[in-house]
Amino acid sequence: MNELAGAIDLLLEPESWKGSDGLWTQLVEQVLLTVTALVLVLVVGLPLALWLGHRGRGGTFAINVSNVGRAVPVFAVLGLLALGPIGTATLGPYGRAGLATLIALVLFGLPPVITNSYVGVREVDAEIVEAARGTGMSEWQVFRRIELPLASQMVANGVRLALVQLWATATIAALVAGPGLGNVITYGFSNNSYDYVIAGAILVAGGALVLEGLAAVVERRVDPMRRVTGSRHDGLVQMPEMTARSRDSTAAES
Amino acid sequence: MSLVADASNVAVLAADPPCYARTVNSWVCPEYVTRYAPELWEATVQHVLLTVTSVVLGLVLAVALSLAARHRPKARSLLLGSTTLVYTIPSLAMFSILAQATGLTPTTVVIGLALYSLSILVRNVLAGLDSVPDEVVEAATGLGYGRLRLLTRIEAPLALPIVMAGLRVATVSTVALVTLGTIVAYGGLGNMLANGIDDSFKAQVLTTSVLCVVLAVLLDLVIVAFARLVTPWTRGAAA
């Protein structure tokens with residue numbers, strides 16, 4: 001438990017937060033990486049997945065992207081990117097290997113957003129959608145007023161999973177000489193100073209829990225179905241073989 | 001004569017260094033795989049052992065905890081809440097914290113990864129048990145099934161497909177996460193991956209990365225085959 005006390009001393013000591021390799025720099029890098037990657041993931045992934053879900057197309061892609069994302073180690077992708085043409089050049093405030101890290105983050109943030117958003121829209125009861133069309137709603141209105149509200153919980157869960165994944169991935173970047181709080185941990189391990197290992201782990205785990213908590217609060221605020229109880233499917237039960245029902249049959253009839 | 005022979009040897013070396021040589025450093029290098037086959041094999045075996053031990057431990061704990069908590073709403077939400085928290089903690093931080101108790105040992109990796117597997121599996125075990133229709137349970141109870149026989153003969157088989165789906169996800173994720181065990185020196189293929197990255201050894205990085213993915217796919221296929229074997233009645237529905 002000496003290490004724990006040492007780690008707390010380290011975290012409370014203002015000196016350890018200062019400097020170009022101080023805790024503050026690493027924390028800012030990690031937060032910047034996570035936020036930037038989340039924005040990119042949302043800008044790229046959300047419209048694509050929601051559109052695919054609305055059209056009922058690309059289900060195989062939307063489902064399997066998560067299976068692939070799980071099977072490929074983050075560490076391997078970071079290594080391949082860092083040794084490849086992108087390299088470990090410093091990218092502005094994102095630090096060393098900033099671009100490689102950012103690309104890896106986006107690649108691992110996209111799958112949960114794409115799969116959950118797609119499945120969320122697809123699982124909206126087809127009869128409700130038909131009824132909405134029957135009342136004369138345009139495709140955009142069907143999407144905006146019916147599908148999106150009903151899918152919002154699944155979408156929000158996907159975004160929350162992505163956020164946690166991004167934070168974890170940003171931590172691993174330190175293993176390939178990248179930026180972020182992982183450096184505090186790797187520094188501690190390679191110098192046998194376990195104060196640093198614990199201090200880093202506290203910051204990383206604490207940051208993840210704060211993000212998870214923030215996401216949960218935002219999720220509750222934006223969820224239009226929050227007063228509806230009994231919704232069993234929260235998008236967190238993992239089903240790799242979830243098959244996408246096709247809307248082709250109904251499309252052919254109409 | 002010897003001079004000539006040496007010269008020709010040098011010529012051969014200069015003209016044709018292996019693709020894993022520092023001067024060549026190719027990404028794709030079949031000679032690397034044959035030259036380093038024993039090391040790759042050893043790392044793969046460690047990788048599989050770490051994965052299987054972690055997932056089996058996670059499964060046993062998930063089943064035990066789910067069975068204990070399923071009819072108790074408070075215990076149930078506590079279980080789901082705490083496993084969500086565990087799943088939120090990044091693996092690097094998890095291994096670092098556990099290493100203070102269990103040191104730089106395989107135990108550190110196994111406990112960490114078992115906790116992640118547990119977090120995934122608890123949801124699927126509970127969802128699987130919930131998926132058993134009430135009528136079926138009532139009918140079985142009416143036929144005189146006791147609680148144990150109800151669980152083993154009725155509920156367990158009906159819950160199996162959803163549990164197996166969770167087992168696939170847990171196994172595939174664990175194969176990828178084992179690589180990070182390298183922080184405590186037990187990462188299976190992750191150890192070779194880390195060395196490869198440190199030495200800018202491209203053939204090693206690519207080969208071990210590909211092996212990790214191949215391993216995940218193979219273990220996934222094994223579970224799919226096993227699931228079909230133990231739930232023959234789902235075969236028609238899946239097609």
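**Helix packing and the A–B contact in a predicted model**

In this predicted model, helix α8(A) passes α9(A) in a left-handed crossing. The two helices span residues 182–190 and 194–222 of chain A, respectively. They pack at an angle of about 160 degrees. Their axes lie 7 Å apart. Angles over 145 degrees count as roughly antiparallel. The pair α8(A) and α9(A) is therefore roughly antiparallel.

Residues from both helices build this contact. From α8(A) come A:Val184, A:Ile185, A:Tyr187, A:Gly188 and A:Phe189. From α9(A) come A:Tyr194, A:Asp195, A:Tyr196, A:Val197, A:Ala199, A:Gly200, A:Ala201 and A:Leu203. By class, the contact of α8(A) with α9(A) holds 10 nonpolar residues, two polar residues and one charged residue.

The fold of chain A was examined next. Its secondary structure comprises 10 helices and zero strands. From the N terminus on, the elements of chain A run α-α-α-α-α-α-α-α-α-α. Chain A has 254 residues, of which 48% are buried. Contacts in chain A were also considered by sequence separation. Among those between residues at least 6 apart in sequence, 73% join residues at least 24 apart.

Chain A also meets chain B. The contact takes 37 residues from chain A and 38 residues from chain B. On the side of chain B that touches chain A, the elements giving two or more residues are α4 (73–88), α5 (91–102), α6 (106–130), α8 (147–178), α9 (189–198) and α10 (202–230) of chain B. The largest share of this side comes from α10(B), with eight residues. By class, the chain B side divides into 23 nonpolar, 12 polar and three charged residues.

One residue of chain B, B:Ser173, was followed in detail. B:Ser173 is placed in helix α8 of chain B. Around B:Ser173, 22 other C-beta atoms lie within 10 Å. A residue with 20 or more such neighbours counts as buried. B:Ser173 is therefore buried. Residues up to four places away in sequence aside, B:Ser173 touches A:Arg70 and B:Tyr116. B:Ser173 and B:Ile120 are 53 residues apart in sequence. In space, the C-alpha atoms of B:Ser173 and B:Ile120 are 9.8 Å apart.

Terms used
Residues numbered from 1 in each chain as written. Chains lettered and ligands numbered in written order. Predicted model: local features only at pLDDT ≥ 70, side-chain atom pairs only at ≥ 80, totals over all residues. Axes fitted to C-alpha atoms, helices over the stretch in contact; angles between N-to-C directions. Helix = DSSP H or I, 4+ residues; strand = E, 2+ residues; numbered from the N terminus. Parallel < 35°, antiparallel > 145°, perpendicular 65-115°, else oblique. Left-handed = near helix turned anticlockwise from the far one by under 90°. Contact = placed C-beta atoms within 7 Å. Nonpolar A, V, L, I, M, F, W, Y, C, P; charged D, E, K, R; others polar. Buried ≥ 20, exposed ≤ 12 C-beta atoms within 10 Å, placed from the backbone.
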